[in-house]
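Please look through the following model with its sequence alongside.

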Amino acid sequence: LLTFFLTLAITAIFLGIALYPVNFPQLIEALVNSDHRLMLLAAVFALLDYVLRTARWQRFLAPTKSIALARLFPVLVIGFALNNLLPGRPGEFARPYWLGRRENVSRMVGFGTIVIERVADGIVLILFLVIALLLFKPFGLEPPLLAEEITFGAVLIFGTAFFGLIFLLVREELALSILRRASQFLPIQIRSRIERMLGSFVIGLHSLRSPWDVAAILLLSLAIWCVEGTSYFLILTAFHALPQDSLRGLASVVMMALVNLGIMIPAAPGGLGPYEAAGVFALGTFQVNETLA
């Protein structure tokens with residue numbers, strides 16, 4: 001209950017930041033005058049994004065079990081749907097649970113694949129954001145200091161997570177030994193359960209042992225974010241947000257990266273609040289007014 005109220009407070013704060021400068025009559029006018037055909041096309045790209053995410057998840061699960069895309073897709077969509085319907089991103093836990101029920105795969109193995117998925121997303125997003133920030137000067141724009149600080153913080157978080165996963169994968173026995181020493185004062189039943197959970201979690205990381213799987217995961221991750229970036233580009237075009245296609249493309253990447261890093265903050269369903277605030281901030285760096293943003 002406390003977590004629920006905390007997420008509501010976070011949502012209220014960020015929504016207040018995003019909505020305070022908005023002119024609502026102009027907002028309605030912008031919605032009416034937008035190109036709804038491009039919005040529909042953006043929705044098609046959003047659907048393609050989920051298909052590519054399913055293909056990548058299939059690669060993560062390949063060392064454990066080969067599962068058809070048609071069977072994985074509903075499980076993935078359920079997870080993302082719950083993130084959009086409930087606060088606190090519960091879909092990340094529902095997905096391995098439902099995968100275990102549907103495909104008889106250990107829930108900790110499933111959870112391990114989702115952790116890698118999130119780390120891979122974070123690393124690719126940071127890559128896109130760094131490239132975008134480097135392109136600000138050629139466009140005659142000044143890179144926002146806050147965006148650079150967010151990038152630095154994200155590098156620390158995802159870099160630490162990545163090297164932690166690699167350590168677990170490469171030095172599995174050492175990791176288990178450290179865990180045994182740390183948990184030696186716990187009752188033996190709890191200690192054994194924790195060790196089994198860690199062992200299952202590491203199995204979920206085994207896709208990183210194959211160079212071919214790593215290459216496929218990297219390419220699919222790039223494709224996922226290129227497709228999502230295209231949906232952002234289409235929405236900006238639908239609202240006539242920026243005059244040049246090249247500038248709109250740069251803004252799409254910055255907005256996509258900052259929005260997706262922003263919604264990692266636990267908030268109301270669908271990242272309500274941080275999503276809007278991050279989007280308004282991202283477009284504000286391109287002199288797009290808050291109402292249109």
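Arg-248 is found in helix H11, which covers residues 245-262; helices here are DSSP runs of H or I with at least four residues, numbered from the N terminus. This is a predicted model, in which local features need pLDDT of at least 70 and side-chain atom pairs count only at pLDDT 80 or more, while totals for chains, interfaces and linings use all residues. Residues are numbered from 1 along each chain as its sequence is written, and side-chain values use heavy atoms, with hydrogens and water left out.

Arg-248 counts as buried because its relative accessible area is 7%, where buried means under 20%, exposed over 50% and partly exposed in between, with a 1.4 Å probe and protein chains only. Setting aside residues up to four places away in sequence, Arg-248 touches Phe-233, Leu-236, Thr-237, Leu-242 and Pro-243, a contact being heavy atoms within 4.5 Å.

H11 is also among the elements that cover the buried residues of helix H7, together with helix H6 (107-134), helix H8 (172-182), H9 and helix H12 (274-284). Those buried residues are Ala-147, Thr-151, Ala-154, Phe-158, Leu-165, Leu-168 and Leu-169. The 26 residues of H7 (residues 145-170) should span 38 Å at 1.5 Å a residue, and the end C-alpha atoms are 37 Å apart, which agrees; the expected span is 1.5 Å times one less than the number of residues.

H9 (188-203) leads on to Ser-210, which lies in the loop between that helix and helix H10 (211-238). Ser-210 is partly exposed, because its relative accessibility is 23%.

Definitions and conventions: Helix = DSSP H or I, 4+ residues; strand = E, 2+ residues; numbered from the N terminus.
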